[in-house]
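Please read the following briefing alongside the sequence and the structure.

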Amino acid sequence: MDARGRVDLTSFAPVVETHLANTVLTNGARLYVDHAHPEYSSPECRTPLEATLYDVAGEEIMRRALGIANDALDPHHAITLYKNNSDGKGNSYGTHENYLVRRDVEFGHLVRAMVPHFVSRQVVVGAGKVGAETESALEHSPEFQLSQRAEFFEEVVGLETTLKRPIINTRDEPHSDAERFRRLHVIIGDANMSQVATFVKVGSTSLLLAVLEEFGTEVFPAMPRAPVHAVRAFSLDVTLREAVLCDDERTRSAWDFQDELWTLAASYVERTGASAVGDEEEVAMVMTQWREMLDGVRDDHDAVADRVDWVAKWRVVKGYQARYDLSKNDARLRAIDLQYHDLRPSHSLAQRVGLRTICDESAVREAVHNPPRSTRAYFRGQCVARYPDEIVAANWDSVVFDLGEGPLQRVPMLDPLRGTHALTAELLETSATASELLAALDR
Amino acid sequence: MSERERIQKQRTERASETTEDVSVDATKGDQLKADLDDLLDEIDEVLEENAEEFVRNYVQKGGE
């Protein structure tokens, strides 16, 4: 699976740094090698549905890169790709989300408000796991867990991502105006195969951050006394009955937390419309799906096996185990877990379990090549597509041009909500060359 | 676009068969079981043949 130096990415030109597999794509995303695996960072998106579309486009990009690489390789050395978060042997790797948050929200308040959500959202958006792989989780010898990632968390707050993983990560590089924005770098999520789960994961988190910006921490449910214990214990209990003591002396299950958080988000939507998160229809869709998934995981698994990854995976694992009367440690059950996340259509189990889709296939194909129109990713992606030979670096917050004479010219993009289609499409369409673009920007 | 239009079941044969036939709860239970049986048949066809070796060799080194 080590794709370092193996994947021929020339079809996704331009290669910004030619000696490493590190490419900015025409859809505004970054595709690179992180230690031993390929990593896709989607372009900046404005709404949960857009973020879901660019996540799904990332799968398609990976599949195409995989095809190109394997065409060039001996079949015995063919590469396979899995969109998951652990190898079942104690090695975990993340699916990170990043949210732009107003700078005037204090970091302590971010922790206070969001920990209840991050320990509990796995009941609806966990990707599920057969067995366990860390010492403390193995003591419970679970057949199945809600989350791929939960058992790897050891701290409440911290900077690390690969050791002593924290529920709230402090990496605050906003790649934008740090006076106006902070970045919430979320490392605790699972890789979802279900598009609806990705949508609800991002949508619910965005809504709760909007609640925090608007109303502060007072309205949020109390913190669990021991958040690390809570996130692990919740993952280990597929009956969803496990409850933990909170700072207000009440006990809450993960389901209770999510129920309170849903109600909080619903009242925020009712009072404000939540236009920061998406239009009315999209916000309503987040709320409806979140509610249905929450009710389904408690009352009717069959009703949500088409949306909740852990439910879909567990249904297959249990069914297979029963059919062949397998022990809970049988390798075939672990193989099903891994293969659920296989990105190859020939092998993918997620593609066979009947998951709902919310992204049109044609929209996904578009998103493989074209940036979202709603953020600065539009300007970045368009520059990369239109002026590949003149670009020496395309970063999150700037594009650097080399026009062949004079110094390098850097175009800053500090505001993620500028550089949009509305603001730059005409400029880009009337600039046949990079020189013309830069001249027009100077005017 | 309405939510109903946006959220479409993946157009597998299995999905289109089930959505039309299901009416009452008793039938629904049988139908779900039949669906699962079909799905498990399909999994048998694509599951890695040597699961033991596949699981053993699946190792990630480094990265986050």
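In the largest nonpolar core, which has 122 residues, A:Ala265 and A:Val308 touch the most other members; a nonpolar core is here a set of buried Ala, Val, Leu, Ile, Met, Phe, Trp, Tyr and Cys residues joined through C-beta atoms within 7 Å. The largest share of this core, 11 residues, is supplied by H5(A). This is a predicted model, in which local features need pLDDT of at least 70 and side-chain atom pairs count only at pLDDT 80 or more, while totals for chains, interfaces and linings use all residues. Residues are numbered from 1 along each chain as its sequence is written, and chains are lettered from A and ligands numbered from 1 in the order in which they are written.

- Of the 21 residues of H5(A), 18 are buried, a residue being buried if 20 or more other C-beta atoms lie within 10 Å of its own, exposed if 12 or fewer, and partly exposed in between.
- The end C-alpha atoms of helix H5 (residues 195-215) of chain A are 30 Å apart, which agrees with the 30 Å that its 21 residues should span at 1.5 Å a residue; the expected span is 1.5 Å times one less than the number of residues.
- Just after H5(A), A:Gly216 takes a positive phi of about 75 degrees.

**Contact between chains A and B**

- Chain B places 29 residues in contact with 37 residues of chain A.
- Helix H1 (3-6), strand S1 (8-9), helix H2 (13-21), helix H3 (25-46) and helix H4 (51-57) of chain B each supply at least two residues of the side that touches chain A; helices (H or I, at least four residues) and strands (E, at least two) are DSSP runs, numbered from the N terminus.
- H3(B) gives the largest share of that side of chain B, 7 residues.

- Most residues other than glycine have a negative phi.
- A:Ser141, in the loop between helix H4 (135-138) and strand S6 (144-145) of chain A, has a positive phi near 30 degrees, and this residue counts as exposed because it has 11 C-beta neighbours inside 10 Å.
- A:Leu240, in the loop between helix H6 (227-236) and strand S10 (243-245) of chain A, has a positive phi of about 65 degrees, and with 16 other C-beta atoms within 10 Å A:Leu240 is partly exposed.

Methods. Contact = placed C-beta atoms within 7 Å.
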